[in-house]
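Let's take a friendly walk through this model together. Please have the sequence and the coordinates open as you read.

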Amino acid sequence: MNARRYRYNMLLSLLLLVGFIFTSWISIEHAKQSLYHGISDDALPLTSHLVDLDLQKRLQAPIIVSQQMANNVFIRQWLQSEQRNSDLIFTYLADTRALHQARTSFLVDDKRLTYYHANGSTEQLDIREKQNDWYRESLHSDSPYSLNVDIDPRDNSEAIVYVNHKIELDDEVLGIVGVGVLLADLHHLITQYENTYERKFYFIDHKGRVLFFNDTVLSGTSIHDHFPSQATTLLKQSEYQFIIESQSHTKFVHSRYLDSIGWHLIVEQKVDKSNGIDDILTTNLWVGSFVTIFILVVAHLTFNHYQKRLEKMAKYDKLTDTFNRQAFEPQLQHHLAKSRNQSTPVVMLMMDIDHFKQVNDRHGHVVGDRVLQCFATVCKRQIENNGLLCRWGGEEFMVLLPKTTLDEGIAVAEKIHIALERAECEVKVTVSIGVAQYHIDESEDGFIKRADAALYQAKQGRNQTKFAA
């Protein structure tokens, strides 16, 4: 009896032990798979997305600078001129580099294949040489700009990210212009990411070269050297992930193609097997939960931040911080509809700064921009919260005054004249103003045309206000 009980107890203990081990093993395997999916499907994609957003912010400035250089009227006219003063272009490049704190700036004349450097040197490009592959690639790129990483003797043999922007006029490429930022600066940023997220980050440029791998800026290796089996698929996919198993660890790899710079961002995370799956599981569950919550919070804050920035960029003129035309027109339609429904008056002031072209010609566009900002500030102070100010185009502004009569609108116009006379603008200017009150039975275009006609009359004598009947 005792022997039978002993056997039953042993059998029950064995069954419980086997059941516990089996259940634990199933739980660990399930948790392991959940952990793997959490890393590969959630954590790494979210991390790469946040890094993508941050990099867009960091690289957006040199891209915008290159775009402004390519669309600069002076650059285009200089390239089309037969008689050129090279000192002018050197000064422009040097000023651009200093103003935007770029590492370098340059211009290539496609007709003469001459490379102009911000340090005042020139060089004839031989597009057959391999070191000038970047130029051919930029010319044949579908995008107006492209990025390449290079070590150029012209820039002290430093690793630099060059933003190359085509200068186009009437479907003809006049040349390439752009700026460069040190690749080491991005390397410092990647180091911050690695310290923050405890993951490895590096890039693959358009040539397939690996950047920042093993703590070096230019590794001298390609993606095929590191992932020979997955490299071809990785380069073809906008987003790709895979797992590499070894005896000591499991490596998770996530790739994301960054459209803004034409590179692949690679994020790696290793899970070490030597410490025991249960310890790793417990630690990663806690850390993963914290990191996931942190990433979601950061993502939420980041998305809100960019959403507000995008909304502001879509609604306001960047220079004067007034409504742009696109945002102003719906406001105009809303208030005109409200005026028709409630029979309340609406007045429009159409304003044009007198002789503004002379300000730009005599003092330069930088001073002209400051004059526009000063004028906008004067107008805002006079209308306060009683109206909407819009930069209609160039030096032309428009003010919409809801619940305002024609006489009140004329009074506001006179206040703007007086305030502008007293304002401490860098260059003294005057303004011509046309005033019109909305007629219930007229269209939006008709209302604008009457205000424009009044402005035309005011411009005949300058520095005065005329109103439409």
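The structure holds one disulfide, meaning a pair of cysteine sulfur atoms within 2.5 Å. Its partners are Cys-374 and Cys-425, with sulfur atoms 2.0 Å apart. The link is left-handed, at -80 degrees about the S-S bond. Distant parts of the chain are joined here: Cys-374 belongs to helix H11, Cys-425 to the loop between H12 and E16, and 51 residues separate them. Helices (H or I, at least four residues) and strands (E, at least two) are DSSP runs, numbered from the N terminus.

A word on the ground rules. This is a predicted model, in which local features need pLDDT of at least 70 and side-chain atom pairs count only at pLDDT 80 or more, while totals for chains, interfaces and linings use all residues. Residues are numbered from 1 along each chain as its sequence is written, and side-chain values use heavy atoms, with hydrogens and water left out.

Next comes the surrounding core. A nonpolar core is a set of buried Ala, Val, Leu, Ile, Met, Phe, Trp, Tyr and Cys residues joined through side-chain atoms within 4.5 Å. The largest one has 32 residues, and those touching the most other members are Leu-349, Met-351, Phe-375, Leu-389, Phe-397, Ile-416 and Ile-433. At least two residues each come from E13 (346–353), H10 (356–363), H11 (365–383), E15 (396–402), H12 (406–422) and E16 (431–437). H11 gives the largest share, nine residues. Another core lies apart from it, with 27 residues, among them Leu-44, Tyr-197, Phe-252 and Leu-265.

Phe-375 has contacts (heavy atoms within 4.5 Å) with Met-351, Ile-353, Phe-397, Leu-420, Cys-425 and Val-431, leaving aside residues up to four places away in sequence.

H12 has 17 residues and spans 25 Å from its first C-alpha to its last, close to the expected 24 Å, which is 1.5 Å times one less than its number of residues. Its buried residues are Leu-406, Gly-409, Val-412, Ala-413, Ile-416, His-417, Ala-419 and Leu-420. Their cover includes E13, H11, E15, E16 and strand E17 (465–467).

Turning to strand E12 (residues 263–272), eight of its ten residues are buried, so the strand is largely enclosed by the rest of the structure.

| Strand paired with E12 | Sense | Bridges | Residues standing opposite |
|---|---|---|---|
| E7 (residues 200–204) | antiparallel | five bridges | Ile-204 and His-264 |
| E11 (residues 249–258) | antiparallel | ten bridges | Thr-250 and Val-271 |

Finally, the whole chain: 13 helices and 17 strands, with 44% of the 469 residues counting as buried. Among contacts between residues at least 6 apart in sequence, 59% join residues at least 24 apart.

How values were computed: Buried < 20%, exposed > 50% of the residue type's maximum accessible area, 1.4 Å probe, protein only. Pairing = 2+ DSSP bridges.
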